[in-house]
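Here is a short report on one protein model. It covers the surface, the fold and the ring contacts.

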Amino acid sequence: CQAYVATHRTLLVIAHLLQQSDSAFLCEPALEALLSLGRTLVEIKHAPLLNSLINDILLRTDMWVKTSVQVQIKLYSVLSTEFVGSSESCDVRQSLSVARIINILREFYWIEQEPGMEITERKLTGEDVISIRAFLLLSAKQSL
């Protein structure tokens, strides 16, 4: 239990450091290292830490939306296919609840801007957004 608490706090510290760092640090090798950690947690069936990794780091969309299109697509494809699709844990599936995914779609991956929405600079094309939305919706489907 004590090791879990220490590791959970470590993930929170990593999340905070990534949030405060320049988006250039959130590159494909950094994502691959985090995904590798996630794959290991799936392998050893450590749902609480996998849940923390997903909630505290991988689903921090405000952080990942600043990265390249390739990084974002890879993140959401792995989340939907390897983590949610292969996980038997309810904890992991609850992390990717339908309400949370709809909020991510509405807030970050809209195709057409609705009146009153804040204009943000995006690197994504309409096709990129559709690809990311497809992976997020697959995650929602699998979390049910």
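## Surface patch

Patches are made of residues with over 30% relative accessible area and no salt bridge; like charges are joined within 9 Å, nonpolar side chains (Val, Leu, Ile, Met, Phe, Trp, Tyr) within 5 Å. A salt bridge is a side-chain nitrogen of Lys or Arg within 4 Å of a carboxyl oxygen of Asp or Glu. Areas come from the Shrake-Rupley method with a 1.4 Å probe; for residues, only the protein chains shown count as cover.

Val98, Ile102 and Leu137 form a nonpolar surface patch, with about 230 Å² of accessible area together. Ile102 sits in helix 7 (residues 98–108).

## Model and fold

The model is predicted: local features need pLDDT of at least 70, side-chain atom pairs pLDDT 80 or more, while totals for chains, interfaces and linings use all residues. Residues are numbered from 1 along each chain, and side-chain values use heavy atoms, without hydrogens and water.

Of its 144 residues, 38% are buried. The accessible surface is about 8,100 Å², with 57% belonging to carbon and sulfur atoms.

## Aromatic pair

Rings of Phe, Tyr and Trp (its six-membered ring) pair if their centres lie within 6.5 Å; planes under 30 degrees apart are stacked, over 60 edge-to-face, the rest tilted. The count is 1 aromatic pair. Tyr76 and Tyr109 form an edge-to-face pair, 5.8 Å centre to centre, with 80 degrees between the planes. Tyr76 lies in helix 5 (residues 69–84) and Tyr109 in the loop between helix 7 and helix 8 (126–143), so the pair ties together parts 33 residues apart in sequence. Tyr76 is buried, at 0% relative accessible area. Tyr109 is buried, at 0%.

Notes. Helices (H or I, at least four residues) and strands (E, at least two) are DSSP runs, numbered from the N terminus. Buried means under 20% relative accessible area, exposed over 50%, partly exposed in between (1.4 Å probe, protein chains only).
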